[in-house]
Amino acid sequence: MKALNYESLKESGYNGFILENAPEKVMQFGEGNFLRAFVDYWFDMANEKVGWNGKAVLVQPIAMGLTKLINAQEGLYTLYLRGSEKGEKIDDKRVISSVSRCLNPYEKEDYESMMALAASDDLEYVVSNTTEAGIVYDPSCKFEDCPPTSFPAKLTQVLYHRFEAGKAPIVILSCELIDNNGKELEKCVKQYIEQWGLSAEFAAWCEKCTFCSTLVDRIVPGRIRDPQEKAALDEANGYVDELIDVGECFGVWIIEGPAELEDRLPFKASGLNVHVVPDVTPYKKRKVRILNGAHTGFVLGAYLAGFNIVRDCMHDEVVKGYMNKMLNEEIIPTLPLDRKDLDEFAAAVEDRFNNPFVNHELLTISLNSTAKWKARNMPSLLAYVEKEGKLPKCLAMSLAAYIAFYSNDIQERTEKGLVCKRPAGDIYTISDDGWALDFFYDHKDDSVEDLVKAVMSNEKMWDQDLTKIEGLQEEVTKDVRMIREEGAKAAYASCLA
């Protein structure tokens with residue numbers, strides 16, 4: 001079979017939407033699985049739904065990447081969006097044609113092409129996802145570097161070249177998984193302007209660019225790892241695709257920006273799940289407390305109860321019921337968004353956890369649960385106590401499950417982590433900060449009462465003494481004892497009574 005390109009795609013008989021030629025309106029720093037299953041998908045949909053008529057040029061942010069492979073396939077790749085919606089299995093296929101080419105700026109010709117694109121009248125947006133470490137100010141970067149190593153330094157060069165060419169300011173959409181990603185990127189650009197002694201006129205021009213913080217939400221497993229499955233897909237498609245990408249069917253993009261940006265972007269008119277809002281903070285809180293909080297809230301106890309994969313938990317009425325009660329009665333009422341919006345997001349969470357294509361292991365989710373419970377679940381517990389004047393049973397149980405998971409029949413402390421034994425008899429290793437693992441190992445012989453008190457009063461863990469919350473220590477002590485004596489599933493069931 002031929003490799004995927006426009007000619008072989010036509011020969012394969014593919015009859016989906018394809019846009020072969022269009023102006024290059026997007027410069028995208030990042031060519032990996034996530035952006036191709038997320039941002040480039042939205043732009044591809046806008047091309048089909050409202051005739052946006054635009055292409056993205058991908059820029060490889062580091063020296064090694066996918067440039068040659070993307071260009072060999074003329075920017076085309078097959079995207080599978082898989083999951084569950086309202087209990088129905090979804091497995092959709094789409095060939096994405098919103099990418100025109102990819103540049104490796106570490107090669108002189110491609111660096112010059114990047115600068116030529118920067119000065120183009122067609123360019124409207126810069127998009128980035130250069131990982132959490134990408135938005136970093138590196139003072140070793142110089143203006144004359146071709147290119148500088150850091151992404152913010154590259155962007156500063158791009159913006160300066162555009163300014164020098166007399167072109168209009170543009171919109172920058174940051175997708176890195178850090179708080180205030182757009183603001184942090186703008187801050188780095190300003191640091192380079194100062195370090196490199198660039199003009200006040202350029203600094204004023206940059207102020208007219210719109211640096212948007214955004215919240216991205218889609219699980220992207222990425223490439224097909226099973227060679228037999230990959231071969232079967234290529235056979236069914238009629239072409240060989242070395243850039244196959246896989247994401248869950250759920251996806252939402254929240255963009256912080258001025259109101260007029262919503263009409264300027266092609267997504268609202270396309271009816272897509274992309275929204276421009278004045279502040280992404282409530283939506284980040286929604287994601288962290290509902291999606292991530294649900295994970296951390298139930299997986300530790302579920303693992304002790306004998307479950308291994310998230311999907312299997314969604315097929316158990318007790319674990320699923322515990323999770324939904326925690327979300328609907330204890331977490332959602334504390335959040336500052338419309339209740340209908342929150343309910344719909346929570347309903348989608350159950351579908352996402354029930355994804356028949358993803359074997360999401362509970363032990364993987366358990367990584368660094370000390371910091372995760374503090375960031376994801378503790379704020380909901382504190383907000384509920386303040387709002388309702390009583391303890392939230394499920395969230396209190398989630399703290400008990402954390403303590404039980406970290407202390408269940410401790411075997412040894414190794415370089416890899418804290419080794420414990422599950423009630424069924426199998427060994428598991430907890431991965432977390434060394435000081436947290438040392439703490440639990442040092443307290444392995446404590447009584448339940450002493451252990452709970454030591455954990456809850458540890459201000460290094462929680463930045464406060466949780467024993468000062470009236471009744472919480474007694475409740476968590478009772479719950480830990482129930483988990484140890486009756487099992488975690490019975491303890492979860494007690495929350496449903």
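**Pocket, cavity and core**

Q: Which helix gives the largest share of the lining of the largest pocket?
A: α12 does, with nine residues. This is a predicted model, where local features need pLDDT of at least 70 and side-chain atom pairs 80 or more, while totals for chains, interfaces and linings use all residues. Numbering runs from 1 along each chain as its sequence is written, and side-chain values use heavy atoms, without hydrogens and water.

Q: What makes a residue part of the lining of the largest pocket?
A: A lining residue has an atom within 4 Å of a point on the 1 Å grid; a pocket is an open set of such points, with protein on both sides within 12 Å along at least five of seven lines. By that rule 35 residues line the largest pocket. Closest to its centre are L177, V216, K287, N292 and R376.

Q: Why is the space lined by E262, L265, F267, K268, V274, H275 and V276 called a cavity?
A: In a cavity a 1.4 Å probe fits but cannot get out, so this space counts as a cavity, not a pocket. About 30 Å³ of space lies in it. β11 gives the most to its lining, three residues.

Q: What makes a set of residues a nonpolar core?
A: Its members are buried Ala, Val, Leu, Ile, Met, Phe, Trp, Tyr and Cys residues joined through side-chain atoms within 4.5 Å. Buried means under 20% relative accessible area. The largest such core has 80 residues, and I290, F298 and Y402 have the most contacts inside it. Helix α19 (residues 393–407) supplies 12 residues, the largest share of this core. A second, separate core of 39 residues includes V26, L58, L81 and F267.

Technical notes. Helices (H or I, at least four residues) and strands (E, at least two) are DSSP runs, numbered from the N terminus. Buried means under 20% relative accessible area, exposed over 50%, partly exposed in between (1.4 Å probe, protein chains only). Grid points are joined across faces, edges and corners, and a volume is the space filled by probe spheres set on the points.
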